[in-house]
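Dear colleague,

I am passing on to you the structure below, together with my notes on it. Please read the notes with the model open beside you.

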Amino acid sequence: MSDGTFAELESESIEIIREVAATAAKPVMLYSIGKDSSVMLRLAQKAFYPGPIPFPFMHIDTKWKFREMIAFRDRTAEEVGFKLITYTNPRGAAEGIGPITHGSAYHTDVMKTEALKQALDVYGFDVAFGGARRDEEKSRAKERIFSFRAPGHRWEPKAQRPELWNLYNTRINAGETIRVFPLSNWTEADIWQYIRLENIPIVPLYFAKDRPVVKRFDQWILVDDDRLPLEPGETPEIRKVRFRTLGCYPLSAGIESHASTLDDIVAETLGATTSERQGRIIDHDGAGSMERKKQEGYF
Amino acid sequence: MDTLRFITCGSVDDGKSTLIGRLLYETKLIFEDQLEALKADSKKFGTQGERLDFALLVDGLQAEREQKITIDVAYRFFATERRRFIVADTPGHEQYTRNMATGASTAQAAVLLIDARKGVLTQTKRHSRIVSMLGIRHVALAVNKMDLVEWSQLAFDEIELAYRRFAQDLGFETITAIPLSALEGQNVVDSGRSAMPWYDGPCLLQWLENVEAENRDAQQPFAMPVQWVNRPNLDFRGFSGRIATGSVKPGDAVRISPSGVASRVKEISVWGGAKGSATAGESVTLVLADEVDASRGDVIATVSHPLESADQFEADVLWMSEHPMLPGRPYAALIHSKSASISITHIKHHLDINTGAHLAAKTLSLNEIATVNLSFDRFVPYAPYRENKRLGAFIIIDKLTNETVGAGMIHFALRRAINVHWQALEVTKVARAEMKHQQARCLWFTGLSGSGKSTIANLLEKRLHVDGRHTYILDGDNVRHGLNRDLGFTEEDRVENIRRVGEVAKLLVDAGLIVIVAFISPYRAERQLARSLFDGGEFVEVFVDTPLEECERRDVKGLYAKARRGELKNFTGIDSDYEAPLEPEIHLKTLGTRPESCVDEIVHLLRSWRQAD
């Protein structure tokens, strides 16, 4: 690696990933299909090369992901050869819970937060990697790299362990778990520059393209398929849009952009005047909404 | 582009959050939507009237916004064209010293905030000592709120002088004093010449862009702790880790500590192939030329400078738990990739972080710092912390709660592995026991005062004696009055009491005896410590389980009555805890059982174990 910045970030993340492999009883890497997951996957490959990645990947499928995301997920699992577990909250699926019918807050609570907790319990995973970064959101700036969760997956601000040097305390008692964030010290700009440098495959939705969209809450929502019922008087229009973050599709808004290559995206990111979370409708629920969700076990 | 990690520290109202918010704002790290949110928040929570309250950009948790204080370490990121920055924003309260140490542990430089109106405070001194202890070499003294002292050069000069005088023994290589106003944006990212024409030094951002961030570890001889042994199949075995010091290339001769085995580097394996060389800070996988053994926690180093190993050290320890550190109690520790059990053998002195004075101490409380002697249960490869942070830093973990309770920095080894060879005696423990036709064991009776420990122990010894066994009893009567007569009943004395009893029992077992120990031994951790002294199967924990009410009813020695009257302090069961065994080898429920039956049960079990052996 020629660039010093990425050599250091990369080495730190690899050290974190290896530490989990060396100490956890049953680790899993959460795979959200987004750009951060793609970087985390590459770092895991590097950490254990030439061996295979010694833990499975798990996708919490809300059934509201963009179609291109699911196709990309399955293709990547096959090409890289990692073990992929997909999990959907059976209660939510049975009740047909979705962001449009039940609202974004309830949907996220049942299909992401509750589903993740269920999945960790069902499989007995004691350590779960996540792709969160400290630069994403204010409450995350204080998150540990090894984030301790009490039984029931609760995040207690006061129970977090001091994290000195590169010495991570991975010891836990029965029922306790740890979320580990190897990308804690990466910024959005780092992620994009690394993807370009390493030529890491990402979901095509990140690249600008003519897509059918409708405008809601002053944001561009992709009409991915008939899961999105149109409001009276709404007609999809074709706009050149791309996504800075990918979540459940009615909850992730696109931005108008002409960035159709990685170079364009890096240039656009470095010159951006709005934060990437602006396209995340969940964050607008009110002050401290991320903090509250985190205490409940949302990633 | 390199990265500078720095820490900001200051007292509650020095304006730290405002300063960082200002840095983020001025380096264009604040996006439009965040600015909108900031405007709304400034109205709702702000302390700056109609102006933007930059502190709200960085005070993340809702709880602390409501209390208007920062309660944890926050990491922020910004970049200029010259450098990428990671800021550890740490709170100034006394009770959160541990957070400051956390932030300082990964920082290369420190920005110490001082309120120009208040000058060098006790807090400033405390922060400086922590920053110095954690090994930070470069400090900026940010004299903030200059607007409130009419931009006075005299006020600034006085503060700088006072600080330099105070800091001369702290070992900083450079101290740069900068007058500024975070609120007014003077001397933060732009020159403050309009307000302070008398100042011709760098503004804060210039200092940050130019302060040394070079990795000096790269200049030292090569060393890499083994973090993970990569063995995907029989054809490949690699040792993965992050290089702590120096650099390495294929062909280099190396030696593994502590085993001392030598080999050569055959290949530096990285994603997609091999590398010609690698240097400090890089995560790599080394393939060695020979089939040698190395496991997690071993250190691979240049053959001419193998890492020293030792098990006894002098170190600085910062205590981070609400529960005091007790000398003699076993804790878990992690040093680079090596896990071990440690105990503090002696507190040399407690450092008063406010005055720098050295004080005597028997225990350490939350946020206290001491120089101690400590003992690892095995040899660990290390380097002094001053030479290398990665090889000289360790954390201390409570074995029951698994919380991180302390952080340590090694000064030096008290004795070196090379000088110590445990005398390998030909007359072994087994030989001694066989001569007595028995298996040496330690039967450890624990239970409340008056539970019947001594009664059962004495009966048991008689029974074993009749059977021709060689035994010995250790109890309060023959130990407390002699060997341990210097110990009282405080928590730390109880720990030391049990430690000594455990060690004596170990010697007696080594002599081939069946040792019966009858002590209240109320704490699980100490019983665990005693257990850890013995080989598998030798230690038998016997829980004499009698309810407190029954013990108190019996009250053979009248002690419960005294304790209830408040005449006896720290009495187990009354005003001191008893931690019942979770999985004792033998659990005697005495209520409604005669002592003779209890002895029958023990003897029966001992026989069955012996036959099974």
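**Helix 6 of chain A**

At A115(A), helix 6 of chain A bends by about 35°, the bend at a residue being the angle between axes fitted to the seven residues ending there and the seven starting there. Helices (H or I, at least four residues) and strands (E, at least two) are DSSP runs, numbered from the N terminus.

Please keep in mind that this is a predicted model, in which local features need pLDDT of at least 70 and side-chain atom pairs count only at pLDDT 80 or more, while totals for chains, interfaces and linings use all residues. Residues are numbered from 1 along each chain as its sequence is written, and chains are lettered from A and ligands numbered from 1 in the order in which they are written.

Helix 6 covers residues 104-123 of chain A, and its 20 residues reach 27 Å from the first C-alpha to the last, close to the 28 Å expected at 1.5 Å a residue (the expected span is 1.5 Å times one less than the number of residues). Among its buried residues are H107(A), M111(A), A115(A) and L120(A), where buried means that 20 or more other C-beta atoms, placed from the backbone, lie within 10 Å of the residue's own. The buried residues of helix 6 of chain A pack against several elements of chain A, including strand 2 (57-60), strand 3 (84-87), helix 4 (90-94) and strand 6 (177-180). After helix 6 of chain A comes G124(A), with a positive phi near 70°.

**Chain A and its domains**

Chain A has nine helices and ten strands, and of its 299 residues 52% count as buried. Among contacts in chain A between residues at least 6 apart in sequence, 77% join residues at least 24 apart, two residues being in contact if their C-beta atoms, placed from the backbone, lie within 7 Å.

The domain assignment of chain A gives domain 1 (4-190 + 288-296) and domain 2 (203-282), with bounds that come from an automatic or database domain assignment. The C-alpha centres of domain 1 and domain 2 of chain A lie 24 Å apart, and the contact between them takes 19 residues from domain 1 and 21 residues from domain 2. On the side of domain 1 of chain A that touches domain 2 of chain A, the elements that give two or more residues are helix 3 (67-81), helix 5, helix 6 and helix 7 (188-198) of chain A, and helix 3 gives the most, with four residues.

Helix 7 of chain A has E188(A), W192(A) and Y194(A) among its buried residues, and this helix is followed by N199(A), whose phi is positive, near 55°.

**Chain A against chain B**

The contact between the chains takes 46 residues from chain A and 51 residues from chain B. Helix 1 (4-23) and helix 2 (35-48) of chain A are the elements that give two or more residues to the side of chain A that touches chain B, and the largest share of that side, eleven residues, comes from helix 1.

**Confidence**

The model scores ipTM 0.89 and pTM 0.77. Chain B averages a pLDDT of 87, and 90% of its residues score at least 70, pLDDT being the predictor's confidence in each residue, from 0 to 100. Over residues 65-70 of chain B the pLDDT is below 50, and beyond near neighbours in sequence this stretch has ten contacts in the model. Residues 418-425 of chain B also stay under 50 in pLDDT, and for them the model has one contact beyond four places in sequence.

With kind regards

Methods. Buried ≥ 20, exposed ≤ 12 C-beta atoms within 10 Å, placed from the backbone.
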